[in-house]
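Dear colleague,

Please find below the structure that I am handing over to you. The findings follow directly after it.

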Amino acid sequence: MVDIPQQIPTQLPPQIRELAEKNFERAREAFLGIIGAAQKATGSAEALPTGAKEAVTKAISFAESNVNAAFDLAQKLLHAKDLQEVLALQGEYAKAQLAALQSQAKELGESAQSAFTSATKQ
(Lines give C-alpha, C1' and ligand atoms only; values in the text may rest on other atoms or scores of the structure.)
Protein backbone atom coordinates (compact mmCIF):
# COMPACT_ATOMS: atom_id res chain seq x y z
CA MET A 1 0.00 0.00 0.00
CA VAL A 2 1.12 3.54 -0.75
CA ASP A 3 1.23 5.93 2.17
CA ILE A 4 -0.57 9.14 1.13
CA PRO A 5 0.41 12.26 3.07
CA GLN A 6 -2.40 13.90 4.98
CA GLN A 7 -1.29 17.38 3.98
CA ILE A 8 0.01 18.53 0.66
CA PRO A 9 2.87 21.02 0.94
CA THR A 10 1.53 24.45 0.06
CA GLN A 11 4.80 26.26 -0.61
CA LEU A 12 7.78 25.51 -2.77
CA PRO A 13 11.13 25.07 -1.09
CA PRO A 14 13.22 28.26 -1.47
CA GLN A 15 15.79 26.57 -3.73
CA ILE A 16 13.10 25.36 -6.13
CA ARG A 17 11.40 28.78 -6.13
CA GLU A 18 14.72 30.53 -6.85
CA LEU A 19 15.48 28.15 -9.72
CA ALA A 20 11.99 28.61 -11.14
CA GLU A 21 12.27 32.40 -10.92
CA LYS A 22 15.60 32.34 -12.77
CA ASN A 23 14.09 30.12 -15.46
CA PHE A 24 11.07 32.42 -15.80
CA GLU A 25 13.36 35.41 -16.26
CA ARG A 26 15.38 33.57 -18.91
CA ALA A 27 12.22 32.55 -20.71
CA ARG A 28 10.85 36.11 -20.53
CA GLU A 29 14.11 37.52 -21.91
CA ALA A 30 14.11 34.96 -24.74
CA PHE A 31 10.51 35.80 -25.57
CA LEU A 32 11.23 39.54 -25.56
CA GLY A 33 14.10 38.87 -27.96
CA ILE A 34 11.77 37.01 -30.30
CA ILE A 35 9.15 39.77 -30.09
CA GLY A 36 11.83 42.39 -30.76
CA ALA A 37 12.98 40.50 -33.85
CA ALA A 38 9.39 40.15 -35.07
CA GLN A 39 8.75 43.86 -34.57
CA LYS A 40 11.96 44.73 -36.41
CA ALA A 41 11.05 42.41 -39.28
CA THR A 42 7.56 43.90 -39.49
CA GLY A 43 8.97 47.41 -39.48
CA SER A 44 11.27 46.61 -42.37
CA ALA A 45 8.64 44.72 -44.37
CA GLU A 46 8.13 47.38 -47.03
CA ALA A 47 6.14 45.01 -49.23
CA LEU A 48 3.26 44.92 -46.78
CA PRO A 49 0.44 47.40 -47.36
CA THR A 50 0.06 49.93 -44.53
CA GLY A 51 -3.15 48.36 -43.18
CA ALA A 52 -1.62 44.88 -43.14
CA LYS A 53 1.52 46.19 -41.44
CA GLU A 54 -0.64 47.82 -38.75
CA ALA A 55 -2.60 44.59 -38.21
CA VAL A 56 0.59 42.54 -37.89
CA THR A 57 2.07 45.11 -35.50
CA LYS A 58 -1.09 44.94 -33.36
CA ALA A 59 -1.03 41.14 -33.38
CA ILE A 60 2.59 41.11 -32.22
CA SER A 61 1.80 43.65 -29.51
CA PHE A 62 -1.15 41.57 -28.33
CA ALA A 63 0.97 38.41 -28.27
CA GLU A 64 3.57 40.22 -26.19
CA SER A 65 0.92 41.47 -23.77
CA ASN A 66 -0.70 38.04 -23.43
CA VAL A 67 2.56 36.20 -22.84
CA ASN A 68 3.67 38.82 -20.32
CA ALA A 69 0.38 38.33 -18.48
CA ALA A 70 1.05 34.59 -18.38
CA PHE A 71 4.60 35.17 -17.08
CA ASP A 72 3.22 37.53 -14.43
CA LEU A 73 0.68 34.89 -13.37
CA ALA A 74 3.38 32.22 -13.15
CA GLN A 75 5.49 34.54 -11.02
CA LYS A 76 2.56 35.20 -8.68
CA LEU A 77 1.77 31.48 -8.47
CA LEU A 78 5.31 30.78 -7.31
CA HIS A 79 4.63 32.95 -4.28
CA ALA A 80 1.08 31.76 -3.54
CA LYS A 81 0.69 30.73 0.07
CA ASP A 82 -2.14 28.23 -0.35
CA LEU A 83 -4.57 26.63 -2.77
CA GLN A 84 -7.16 29.35 -2.15
CA GLU A 85 -4.69 32.02 -3.30
CA VAL A 86 -3.76 29.92 -6.35
CA LEU A 87 -7.43 29.63 -7.32
CA ALA A 88 -8.01 33.36 -6.77
CA LEU A 89 -4.99 34.23 -8.94
CA GLN A 90 -6.17 31.85 -11.66
CA GLY A 91 -9.66 33.32 -11.56
CA GLU A 92 -8.38 36.90 -11.82
CA TYR A 93 -6.09 35.94 -14.68
CA ALA A 94 -8.83 34.13 -16.59
CA LYS A 95 -11.24 37.05 -16.19
CA ALA A 96 -8.64 39.62 -17.27
CA GLN A 97 -7.46 37.53 -20.22
CA LEU A 98 -10.99 36.92 -21.44
CA ALA A 99 -11.63 40.66 -21.47
CA ALA A 100 -8.27 41.31 -23.14
CA LEU A 101 -8.85 38.65 -25.81
CA GLN A 102 -12.30 40.02 -26.60
CA SER A 103 -10.89 43.50 -27.02
CA GLN A 104 -7.95 42.24 -29.05
CA ALA A 105 -10.19 40.20 -31.34
CA LYS A 106 -12.35 43.25 -31.97
CA GLU A 107 -9.32 45.45 -32.73
CA LEU A 108 -7.74 42.83 -35.01
CA GLY A 109 -11.03 42.36 -36.82
CA GLU A 110 -11.28 46.09 -37.41
CA SER A 111 -7.64 46.25 -38.58
CA ALA A 112 -8.13 43.29 -40.92
CA GLN A 113 -11.28 44.85 -42.36
CA SER A 114 -9.47 48.15 -42.84
CA ALA A 115 -6.51 46.43 -44.49
CA PHE A 116 -8.83 44.48 -46.79
CA THR A 117 -10.78 47.60 -47.73
CA SER A 118 -7.56 49.50 -48.36
CA ALA A 119 -6.12 46.68 -50.47
CA THR A 120 -9.24 46.37 -52.65
CA LYS A 121 -9.28 50.12 -53.39
CA GLN A 122 -5.77 50.04 -54.86
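**Overall description**

The accessible surface of the protein chain comes to about 8,900 Å², and carbon and sulfur atoms hold 62% of it. Please note that this is a predicted model. The mean pLDDT of the chain is 82, and 84% of its residues reach 70 or more. Confidence is highest in helix α3 (residues 83-121), with a mean of 89, and lowest in α1, with a mean of 83.

The protein chain contains three helices and zero strands, so that its pattern along the sequence reads α-α-α. Of the 122 residues in the chain, 19% are buried. Among the contacts with a separation of 6 or more, 70% are between residues 24 or more positions apart.

**Helix α1**

Helix α1 covers residues 14-43, which makes 30 residues. At 1.5 Å a residue such a helix should span 44 Å, and the C-alpha atoms at its ends are 43 Å apart, which agrees. The buried residues in α1 are Arg17, Ala20, Arg28, Phe31, Ile35 and Thr42.

**Salt bridges**

A search of the whole structure gives four salt bridges.

Glu18 and Lys22 join their side chains in a salt bridge, with 3.4 Å from N to O. Because these two residues are four residues apart in helix α1, about one helical turn separates Glu18 from Lys22. Glu18 counts as partly exposed, at 46% relative accessibility, and Lys22 is likewise partly exposed, with a relative accessible area of 43%.

A salt bridge also links Arg28 with Glu25, whose closest N and O atoms are 3.9 Å apart. Both residues lie in helix α1, three residues apart, or about one turn of the helix. Which of the two partners is buried? Arg28 counts as buried because its relative accessibility is 16%, below the 20% cut-off. Glu25, with a relative accessible area of 36%, is partly exposed.

Lys58 and Glu107 form a salt bridge in which the closest N and O atoms are 3.7 Å apart. Lys58 lies in helix α2 and Glu107 in helix α3, so this pair ties together parts that are 49 residues apart in sequence. Lys58 is partly exposed, at 29% relative accessibility, and Glu107 is partly exposed at 29% relative accessibility. Salt bridges that share partners also join Glu25, Arg28 and Asp72 into one network.

**Contacts of Tyr93 and Asn66**

Tyr93 is placed in helix α3 and counts as partly exposed, at 25% relative accessibility. What does Tyr93 contact, leaving aside its neighbours within four places in sequence? The residues in question are Asn66, Ala69, Ala70 and Leu73. For Leu73, the C-alpha to C-alpha distance to Tyr93 is 7.0 Å, although the two are 20 residues apart in sequence.

Asn66 has its place in helix α2. With a relative accessibility of 17%, Asn66 counts as buried. Not counting residues up to four places away in sequence, Asn66 touches Tyr93, Gln97, Leu101 and Gln104. With one of these, Gln97, the side chain of Asn66 makes a polar contact, side chain to side chain, at 3.3 Å.

**Ala74**

Ala74 is found in helix α2, which covers residues 50-78. Is Ala74 buried or exposed? Its relative accessibility is 16%, so Ala74 counts as buried. The C-alpha atom of Ala74 is separated by 9.7 Å from that of Gln90, which is 16 residues away along the chain.

**In brief**

The salt bridge of Lys58 with Glu107 ties helix α2 to helix α3. Asn66 and Tyr93 are in contact with each other, Asn66 lying in α2 and Tyr93 in α3.

With kind regards

Definitions and conventions. Residues are numbered from 1 along each chain as its sequence is written. This is a predicted model: local features need pLDDT of at least 70, side-chain atom pairs count only at pLDDT 80 or more; totals for chains, interfaces and linings use all residues. Side-chain values use heavy atoms; hydrogens and water are left out. Buried means under 20% relative accessible area, exposed over 50%, partly exposed in between (1.4 Å probe, protein chains only). Contact means heavy atoms within 4.5 Å. Accessible areas come from the Shrake-Rupley method with a 1.4 Å probe; for residues, only the protein chains shown count as cover. The expected span of a helix is 1.5 Å times one less than its number of residues. pLDDT is the predictor's confidence in each residue, from 0 to 100. A polar contact is a pair of N or O atoms within 3.5 Å; within protein, one must be able to donate a hydrogen and the other to accept it, and residues adjacent in sequence count only if both atoms are side-chain atoms.
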